[in-house]
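Biologist: Please walk me through reading this model. Start wherever you like.

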Amino acid sequence: MKKLVLTSLLAVFAATGANAMAINDNPMYRPDAGKFYSVTELNSHSENADSWMLAEKFGYGITDRAAIYVGTDFSEMDWFDGMGWNTFEIGADYRLLDEMNWKIDAYASYALNPVWGDHQPFLDEDYTSYLWTVGVRAGYVTDMWTVAGHVEFNYGNTESFNWGDDGIHTLRAGLDGFMSITSDWALLLGAEYTGVMDDWAENAGVWTGKVGVNYNIDNDMYVGAYISGEMDHSTGDWEIADGFGFGVKFGAQF
């Protein structure tokens, strides 16, 4: 069961944002008050290109400082043979600091995984795990570039409020960079470490690196593509995972 929860934990990601005005995949993006936004992502992996995941995040700016969102994703292990509804997530974030170029956000989310899978009932308690997340993201934002770091704590367990059993405690920390190459094109770089804090995991952890490029259709719409790679410590030694992940994104605010 711990393996199931760990798999679910690493599959769920919590993201928050803040910048101003334009949506462009900047790590500190934030919707203005009264603005909705949507980010759709399709990704796969070079080691198993027959599998893919489709993710959607939909959010709303309550004020210029507070925002909420819902997220979900679907995956397919062998094209249309074994499709699953993996995750349903709700979250919120709040801008603690907005002084000149410096920005700090606090965020929290709650996610269920899996929701509904091949040969699995809807939210079956024997398969479903949950994940609570709290975190802080801070960044320095200019008109041309952004550097942002984040630290978050995750608690995952089986069933929705199964506090009596030992869960999984995870710490994630990362650094992201964004640079406008031209008025239309932008480059993104990121690295994140996910470490399991429980003794039974024997310090298992994963480093994930990512590089991407975006094309800004206008201030309210962008498309992007990226590749990613992993290095994990689950076997006691650091090993670079075979192959690489790749995907595309489409974001819009309205």
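Modeller: Ser 38 sits in strand β1 (residues 36–45). Strands (E, at least two residues) are DSSP runs, numbered from the N terminus. This is a predicted model: local features need pLDDT of at least 70, side-chain atom pairs count only at pLDDT 80 or more, and totals for chains, interfaces and linings use all residues. Residues are numbered from 1 along each chain as its sequence is written, and side-chain values use heavy atoms, with hydrogens and water left out.

Biologist: Is Ser 38 buried or exposed?

Modeller: Buried means under 20% relative accessible area, exposed over 50%, partly exposed in between (1.4 Å probe, protein chains only). Ser 38 has 15% relative accessibility, so it counts as buried.

Biologist: With which side chain does the side chain of Ser 38 make a polar contact?

Modeller: A polar contact is a pair of N or O atoms within 3.5 Å; within protein, one must be able to donate a hydrogen and the other to accept it, and residues adjacent in sequence count only if both atoms are side-chain atoms. Here the partner is the side chain of Glu 56, at 2.6 Å.

Biologist: Which residues does Gly 247 touch, not counting residues up to four places away in sequence?

Modeller: Contact means heavy atoms within 4.5 Å. Gly 247 lies in strand β13 and touches Leu 42, Asn 43, Gly 224, Ala 225 and Tyr 226. Gly 247 is buried, at 9% relative accessible area.

Biologist: Where does pLDDT stay under 50?

Modeller: pLDDT is the predictor's confidence in each residue, from 0 to 100. It stays under 50 over residues 1–20. Where pLDDT is low, the predicted coordinates should not be read in detail.

Notes
Helices (H or I, at least four residues) and strands (E, at least two) are DSSP runs, numbered from the N terminus.
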